[in-house]
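Subject: Structure handover and notes

Hi there,

Here is the structure I promised to pass on. Have a look at it first, and then read on for what I found.

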Amino acid sequence: MSTALPLLIDGEHLVSGSDEFHQTYDPCTGEARQRVPLSTAAEIECAVAGAAAAFRDWRETPLPQRARLMLKYQQLLKEHADELAALIATESGKTLADAHGDLWRGIEVVEQAAGIARMLQGDYSENVAHGVDTYSLKQPLGVCLGITPFNFPAMIPLWMFPLAIACGNTFILKPSEQVAQTALRLASLLLQAGAPAGVLQVVHGQAAQVEQLIDHAEVRAVSFVGSVAAAQAVYRRAGQALKRAQCLAGAKNHMVILPDANRDAALRALAGAACGAAGQRCMAISAVVFVGAARHWQEELVEHLRQLRPGPPAQTDAAFGPLISASARARVHALIEQGCQEGAVCRLDGRSLTPPAGHAGGYWLGPTLFSGVQPTMSIYREEIFGPVLCSLEVDDLDAAIALINANPYGNGTSLFTGSGASARHFSHHVEVGQIGINLAIPVPLPFFSFTGWRRSFYGDLHAYGQQAVQFYTETKTITTRWQEPTSPASSPSSTTLA
Ligand code: NAD
């Protein structure tokens, strides 16, 4: 029988008493890997109680000490980078290069958390009235909750708990049941860096466990990343429980290509952004919009895509890995079938891929390209989350912008052009959170925030950066007037002098 993952509560790895499990499989081979326990109600209660108890001391821990924990943690993450990347690749099926990228983008947030003292600084105004000063400061909330998806096993947990903890909160992480081993290892390293027991707890589960956590009176804030349906459910539940929430959701990201773009650079970037990580990125490009004469470049795009071959992590020239699970692949296959039936032209059908040698049981899918896609088709309306690219054609840039703005998602978009004026027009009018100009996947570094719009995000304060510090703290504003004490000896003479 495959092994069962532990929970991490109050600094100890605990065997769950649950008799319900999620079974994980190696995405490259289809072989059973691990059983992830769905935590019992008592285990969840214990995790929250431990985090609430740890908060009492942690919030009083001096800022430089919290910053030093993050300095030590980023050092340990770097020292264990090869081990962690191998684990990420094994759990998710990503290539090793991609797994290193996943970890590195998370480490950058830990580096930012080491500068928490500056980010937490408050404001001070002198003389708001005669002899009266006002200052404001940020205080931690208490127990914060993070729920994370499968597609970035390291980066997305690291978007959340380092900043929350550096702000003085304690944190409960409920990682994706599909990649929970990486989350446990990240948490163990935080303990090794010196985090007190209870500051970071890891529990496992699905919707029922998340609901219990959101409803718990001690949980003060909810960070979520995942699909639209789950994001909406979590955001509603948090609202009902009167909790603040930031819920990052699905995407349908467009790349617009103008005829004045560098053709080779645009098509190469497009192929990589559509198929990298098997299209399982919230910033993957899943729709390309060719403007005017650029429509003639589609033949060349087919060739670029054809050259991308998936393979297991050990295969150094693999462009991407398999899909995460059998059900994910079945869903993508069904959408491809629907695209064919709705009249789109399947120029490249990844379903016919021969799996890499020795990996026939894995969840492989080759690059897939549809042309002649219409906005009404399911392959355009739904997030596919696979290496499937929809190609559309329009006559001018404004038509491309209108298409993007009519799409319900607003995570990322990109424009390839040689014209600064077109780029400026696009950036100004397009209603999307992250925009790349001659860059396909414009994920901001942590000194900015990750800012999805519309159906790609529910909430107002976004992930990491200064917005996350705002999210994980409460502002307190103090107004002061200080007077000399009234004393029988001094009071009359000072009155005389005045
Ligand atoms: P998912 O929604 O299936 O699961 C995400 C997390 O939510 C998991 O921990 C899961 O256990 C939990 N969950 C699932 N259903 C729930 C429910 N009803 N109530 C409460 N919790 C629930 O997502 P996934 O398949 O793991 O990840 C892929 C999705 O995440 C894609 O839609 C992708 O676009 C999105 N994503 C978005 C971003 C972003 O920044 N916007 C980043 C990464 C991934």
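Where is the place of Gln434? Gln434 sits in strand 20, which covers residues 434-437. Before going further, please keep in mind that this is a predicted model.

**Gln434**

With a relative accessible area of 3%, Gln434 counts as buried, because buried means under 20%. Its side chain makes two polar contacts with backbone atoms that may interest you. One goes to the backbone oxygen of Asn411, at 3.0 Å. In the other, a polar atom of the Gln434 side chain lies 2.4 Å from the backbone nitrogen of Thr451. Setting aside neighbours within four places in sequence, Gln434 is in contact with a group of residues that includes Met283, Gly412, Thr413, Pro442, Phe450 and Gly452. Ile336, by comparison, is 98 residues from Gln434 in sequence, and the two C-alpha atoms are 27 Å apart.

**The ligand**

Which residues come nearest to the ligand? Of the 29 residues around the ligand, these are Lys174, Glu177, Ser227, Ala249 and Glu383. Ala249 contributes through its backbone, where a polar atom is 2.7 Å from a nitrogen atom of the ligand. Phe150 also uses a polar backbone atom, which is 3.1 Å from an oxygen atom of the ligand. On its own the ligand has 840 Å² of accessible area, and the protein covers 86% of that.

**Helix 9**

Helix 9 runs over residues 228-240. The buried residues of helix 9 are Val228, Ala231, Val234 and Ala238. They cover an arc of only 130° around the axis, so they lie on the same side of helix 9. Just after helix 9, Leu242 takes a positive phi of about 60°.

Which residues of helix 11 are buried? In this helix, residues 298-306, they are Gln298, Leu301, Val302, His304 and Leu305. Seen down the axis, these buried residues fall within an arc of 165°, so they line one face of helix 11. What covers them includes helix 10 (263-275) and strands such as strand 14 (285-291) and strand 17 (388-394).

Helix 2, residues 63-79, has 17 residues and reaches 25 Å from its first C-alpha to its last, close to the 24 Å expected. Its buried residues include Arg66, Leu69, Met70, Tyr73 and Gln74. The cover here includes other helices, among them helix 1 (41-58), helix 4 (96-113) and helix 7 (180-192).

**His204**

His204 is in the loop between strand 10 (200-202) and helix 8. Is His204 buried or exposed? It counts as buried, because its relative accessibility is 0%. The side chain of His204 reaches the backbone oxygen of Pro6 at 2.7 Å. Leaving aside neighbours within four places in sequence, the contacts of His204 include Leu5, Leu7, Val36, Ser39, Ala180 and Gln209. Lys174 is also one of these contacts, and Lys174 is among the residues that come nearest to the ligand.

Most residues other than glycine have a negative phi, so two more positions deserve a check by eye. Arg454 has a positive phi near 50°. Arg454 is found in strand 21, residues 453-454, and is partly exposed, with a relative accessible area of 28%. Tyr464 is not a glycine either, and has a positive phi of about 40°. Tyr464 lies in the loop between strand 22 and helix 16 (465-471), and is buried, with a relative accessible area of 2%.

Happy to talk any of this over.

Best wishes

How values were computed: Residues numbered from 1 in each chain as written. Predicted model: local features only at pLDDT ≥ 70, side-chain atom pairs only at ≥ 80, totals over all residues. Heavy atoms only, no water. Helix = DSSP H or I, 4+ residues; strand = E, 2+ residues; numbered from the N terminus. Expected span 1.5 Å × (residues − 1). Buried < 20%, exposed > 50% of the residue type's maximum accessible area, 1.4 Å probe, protein only. Arc of directions from axis to C-beta. Near = heavy atom within 4 Å. Polar contact = N/O pair within 3.5 Å; in protein donor to acceptor, adjacent residues only side chain to side chain. Areas by Shrake-Rupley, 256 points an atom, 1.4 Å probe, with all protein chains shown as cover. Contact = heavy atoms within 4.5 Å.
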